Amino acid sequence: APMPALKAPDHSIVRWSDEALAPYLWTWMDEVTLTEEGLQATAAKKDPLRPFFLAFRLLHIYDRTHDEKVGAAAKRALDFMLDEYEPAERSPTGYRWFYGFPYENLPANWWSSMDALFGPLVLYAGWQQFGIERYRDEAIKSAKRSLVPPTEGGVLWRSPKGCWLSEYAWASMTQEQEFHVLNGHLYGLQALAMLAAQTQDPALTEAYSCARDGTIARRGEFMNADHSWTLYQTTPPTINPTHYLLFETAQFRALELVTGDPAWRKDADVRSQDFQQQYPLQLSQNADNSYTVMFSMVGAPHPYWTDTYPVTVSCSVDGREVSAKSRGHYNQSLPFDDRFFVSLRLDKTPQQCSVYVHPLPSGRTLAYTQSAFTVEKVLPPENLPLDMEASYNASKANEAAGDLRINPAGGHTEGRIELKLNRPVTSGDTIALIINSAADHQLGMLLYV
């Protein structure tokens, strides 16, 4: 479908709804600070996205509170990024901010479309709040400066498929080396769309249109073989951690809201459906004929999520809303069933239930809504004997407890553990493996069935 024209809203950037601004309010950055010490501590990480993220949060709070201390802190953060942040390149044609630390194989001073476009958006929002013309001028110049390939110091690749915004860029890279990290591309893409709508600048509008085409052309490349999950990046193909799938869902929803473009709904819906398929709500009938809705934060195909966001399950029963929120999922002293499972007891079957996650400062974002349930009878738990065998440098540490141990001090960094269940395993079964390390190690695991 053709791209709808980008139109400036009748309000400032920070007045968009929390859902529209969700990627820029997501709570994975530093805590909000009003002090110079806090700003310097944020900037000391030499990650330009962090001070810009702080400035945006401050602008968002200032717009709603009119607290002059917050406004002063926002201006200080913006002035710092224009005048003091290092490493950076300050040119009459626009500013560039660099990452002053190595990342995997990249040496320090690489750059990214995330802050290259979000930074100008924050500066433009600062101009809207304070009327300081310098913020607007440098926002437009710096955004347009970034719309060239990484080989020319920008972040925009052009190809027959359309354009792509590079999250990790360096001077000598080739287009074949582009990682194609989706969330980083979308982070810059939304900022580009919002700047183009506000300014009606032809260069910004054309770049957004080209990057929109590039995203849509590549959307199938970010699905796994059976379309049950998505990829974090395509070069090399890397499975999406669950919290990034949720983040991308919010990003596509936000893109639809700020652009009015229904094309983005397909991408959001696919991720929402995949999440529901892998993390479904289960409805069971209890012995007293009441019902329990259960949500498990332990799922597949990527296990890393349970310690990331709190979860709320909310159900509609005859017009009433009944909800339960996960508690203490960071608290390792609690038993696993308290930390990673959310259960809701109901007197009737629900009409529908929704799963929300809580990554926003002001509340939650929808993961999915489920209205069809298969009622399962609650069966008493089975305590099954488990036969474990250790090989390939793993050894049994305690015969009675069934513990297995790998000792890195002995030069052994890998071991094989074979679990013999001696019974059929169905999709309804959950097997938990608890891995502990006495020291700080990067632990990895491969599962074979």
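Start by selecting Gln-200, which sits in the loop between helix 7 and helix 8 (202-218). Helices here are DSSP runs of H or I with at least four residues, strands are E runs of at least two, and both are numbered from the N terminus. The model is predicted: local features need pLDDT of at least 70, side-chain atom pairs count only at pLDDT 80 or more, and totals for chains, interfaces and linings use all residues. Residues are numbered from 1 along each chain as its sequence is written, and side-chain values use heavy atoms, with hydrogens and water left out.

Stay on Gln-200. Its phi is positive, about 55°, although Gln-200 is not a glycine. Most residues other than glycine have a negative phi, and most peptide bonds are trans. Gln-200 is partly exposed, with a relative accessible area of 46%. Buried means under 20% relative accessible area, exposed means over 50%, and partly exposed lies in between (1.4 Å probe, protein chains only).

Next, select His-180, in the loop between strand 4 (162-165) and helix 7 (182-199). Its phi is near 55°, again positive in a residue other than glycine. Is His-180 buried or exposed? His-180 is buried, with a relative accessible area of 13%.

Now look for two cis peptide bonds. One joins Glu-86 and Pro-87, with omega about 5°. Pro-87 is in the loop between helix 4 (68-83) and strand 1 (88-91). Another joins Thr-235 and Pro-236, with omega about -10°. Pro-236 is in the loop between strand 5 (231-234) and strand 6 (237-239).

Zoom out to the protein chain. It contains 11 helices and 18 strands. Of its 449 residues, 47% count as buried. Among contacts (heavy atoms within 4.5 Å) with a separation of 6 or more, 60% are between residues 24 or more positions apart.

Select helix 3 (residues 49-65). Its 17 residues reach 24 Å from first C-alpha to last, close to the 24 Å expected at 1.5 Å a residue. The expected span is 1.5 Å times one less than the number of residues. Helix 3 is mostly covered, with 13 of its 17 residues buried. Just after helix 3, His-66 takes a positive phi of about 55°.

Go to Trp-16, in the segment before helix 1 (22-25). Trp-16 is buried, with a relative accessible area of 16%. Leaving aside residues up to four places away in sequence, Trp-16 touches Pro-9, His-11, Leu-21, Arg-64, Met-194, Leu-257 and Val-258. Trp-16 and Leu-257 are 241 residues apart in sequence, yet their C-alpha atoms are 9.1 Å apart in space.

Finish with helix 9 (residues 242-259) and helix 10 (residues 263-278), whose axes come within 8 Å and cross at roughly 155°. That makes helix 9 roughly antiparallel to helix 10. Axes are lines fitted to C-alpha atoms, for helices over the stretch in contact, and angles run from 0 to 180 degrees between N-to-C directions. Angles under 35 degrees count as roughly parallel, over 145 as roughly antiparallel, 65 to 115 as roughly perpendicular and the rest as oblique.

Residues of helix 9 that meet helix 10 include Leu-245, Phe-252 and Arg-253; on helix 10, the partners include Trp-264, Asp-267 and Phe-275. Helix 9 is largely enclosed by the rest of the structure, because 16 of its 18 residues are buried. Just after helix 9, Gly-260 takes a positive phi of about 70°.
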